[in-house]
Amino acid sequence: MQHDQQGDDSPTTGGRRRPKRRRPFLIGGLALLLVAGGGGAAYMAGLFSDIGDPVSFGKIQESAAAEDIRPEVLMPTGPKAGFSRTSRLPDGTQIAVTTLTGAKSGFTGDVWVWVPKEYDDPRYAKSGFPVLIALPGGRGYPKNYWGTGPGLGLQQAVIDGAREGTSHPFILVMPVINADTKNHFDGSDIPGQPKMGTWMADDVPDFAKANFRTFTSRDGWAFMGSSSGGFGAFKHVLKYPERFKAVIASGVDFVPDSPLWKGNRQAMDANNPEKLAEKLIKAGGPDVYINFQIGTKESGRDMAEKFMKQYGKGPVHTRLQVIQDGEHNGKSYVRGMREGSLAWISKVLRAPTPEPAVR
């Protein structure tokens, strides 16, 4: 299993900050810092921050009358989670985190969430939003590097795509993918181990439905992931095509290879994308859409092309985004998403729709 490099996932500045209480002797130094370096320098020095403050999403949804909700929209089912802010983006949107204990898996881990500004726009009060479950590579525990800060650019790529009309304003849900820092669980329910497959395929989507306006059908549900997270993302779409419609899988492996399987071939086959694709082709559907991303400075393109040639038929639709000079890391994969993959998946999934403007 490849381990991808995270790149720079440190929080960026932006938005208005609530000043913390400071001792009087800091005032003179603060004034000097503001003059010399501006407010950004003061923030970077740690003098202003609202990180850790409570966050509430969906301020407008309670005002929408239930009888006016469109049939394809699923209103938040509850109970609502408690979120804490981890970072802000320049457009005022926020990344927040909560701790989730999965009702079906029994696993407890952190989940980060980013919601686009359209979500709280009154014009979209009656609309659902597509959900993109973003899985990291590397250890994937106790953090998900897509969510611990906007430095990798995933959230900004969605913002820019939505502004330019090439991408949907997705809700990004970013869970941990492993149960500890020592093992890879292949995004699966390995016998005798924590049920990380159930965590990602059941508990995390249920959490999103509990807290946000989503879509009732699989047309609003997809995965993305890199490296080991790409394997989990890729595998879930093939294993549960009735729930998830598409995936962006970057620098991905193609077979389960965790030592924790201990040679349990039957359980491995039940989580093997090649076996799952074969089964789906024989069943004749439902259709799934797989976008591989491979950088020219990493290995794996031959494996992606082999999979596409062998299994990219019938209900299994495949596409390859080649990232020139791309490496095995998050920043390269976000560049690939900007260069085509976000636009591609937006054509496959359902878009949120605003109310018509009143004239």
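# Exercises on a predicted model

Phe57, Phe83, Tyr119, Tyr124, Phe129, Phe207 and Phe212 form one aromatic cluster. The model is predicted, so local features need pLDDT of at least 70 and side-chain atom pairs count only at pLDDT 80 or more, while totals for chains, interfaces and linings use all residues. Residues are numbered from 1 along each chain as its sequence is written, and side-chain values use heavy atoms, with hydrogens and water left out.

## Exercise 1: aromatic pairs

Task: Find how many aromatic pairs the whole structure has, and classify the pair of phenylalanine 57 and phenylalanine 212.

Solution. 

Step 1. Rings of Phe, Tyr and Trp (its six-membered ring) pair if their centres lie within 6.5 Å; planes under 30 degrees apart count as stacked, over 60 as edge-to-face and the rest as tilted. A search of the whole structure gives 17 aromatic pairs.

Step 2. For phenylalanine 57 and phenylalanine 212, the ring centres are 5.8 Å apart and the planes stand at 55 degrees, so the pair is tilted.

Step 3. Locate the two residues, taking helices (H or I, at least four residues) and strands (E, at least two) as DSSP runs numbered from the N terminus. Phenylalanine 57 is in the loop between E1 and strand E2 (73-74), and phenylalanine 212 is in the loop between H3 and strand E8 (214-215), so the pair ties together parts 155 residues apart in sequence.

Step 4. Check burial, where buried means under 20% relative accessible area, exposed over 50%, and partly exposed in between (1.4 Å probe, protein chains only). Phenylalanine 57 and phenylalanine 212 are both buried.

Step 5. Repeat for phenylalanine 254 and phenylalanine 307, a tilted aromatic pair with 5.9 Å centre to centre and 40 degrees between the planes. Phenylalanine 254 lies in the loop between strand E10 (246-250) and helix H5 (265-269), and phenylalanine 307 in helix H7 (residues 301-311), so this pair ties together parts 53 residues apart in sequence. Phenylalanine 254 and phenylalanine 307 are buried.

## Exercise 2: salt bridges

Solution. 

Step 1. Side chains of opposite charge can pair when their charged atoms come close. A salt bridge is a side-chain nitrogen of Lys or Arg within 4 Å of a carboxyl oxygen of Asp or Glu. The structure holds 13 of them.

Step 2. In the salt bridge of aspartate 53 with arginine 85, the closest N and O atoms are 3.9 Å apart. The pair links distant parts of the chain, 32 residues apart: aspartate 53 is in the loop between helix H1 (26-44) and strand E1 (54-55), and arginine 85 is in strand E3 (residues 83-88). Both aspartate 53 and arginine 85 are buried.

Step 3. Aspartate 202 and lysine 104 form a salt bridge whose closest N and O atoms are 3.8 Å apart. Aspartate 202 lies in helix H3 (residues 196-211) and lysine 104 in the loop between strand E4 (94-101) and strand E5 (108-114), so the pair ties together parts that are 98 residues apart in sequence. Aspartate 202 counts as buried because its relative accessibility is 13%.

Step 4. Lys104 and Asp202 also belong to a network of salt bridges with Asp206, Glu242 and Arg243.

## Exercise 3: charges over rings

Task: Which rings have lysine 209 and arginine 213 over them?

Solution. 

Step 1. A charge sits over a ring if NZ of Lys or CZ of Arg is within 6 Å of the ring centre and within 35 degrees of the ring normal.

Step 2. Lysine 209 lies over the face of tryptophan 221, 5.4 Å from the ring centre.

Step 3. Arginine 213 has its charged end over the ring of tyrosine 119, 4.1 Å from the centre. Tyrosine 119 is also one of the members of the aromatic cluster.

## Exercise 4: the largest pocket

Task: Which helix gives the most to the lining of the largest pocket?

Solution. 

Step 1. On a 1 Å grid over the protein atoms alone, a pocket is an open set of points with protein on both sides within 12 Å along at least five of seven lines, and lining residues have an atom within 4 Å of a point. Grid points are joined across faces, edges and corners, and a volume is the space filled by probe spheres set on the points.

Step 2. The volume of the largest pocket is about 250 Å³. Its lining has 17 residues, of which Pro79, Leu100, Asp206, Phe207 and Ala210 are the closest to its centre.

Step 3. H3 gives the most, with 5 residues.

Definitions and conventions
1 Å grid on protein atoms, 1.4 Å probe; cavity = no way out; pocket = protein on both sides within 12 Å on 5 of 7 lines; lining within 4 Å.
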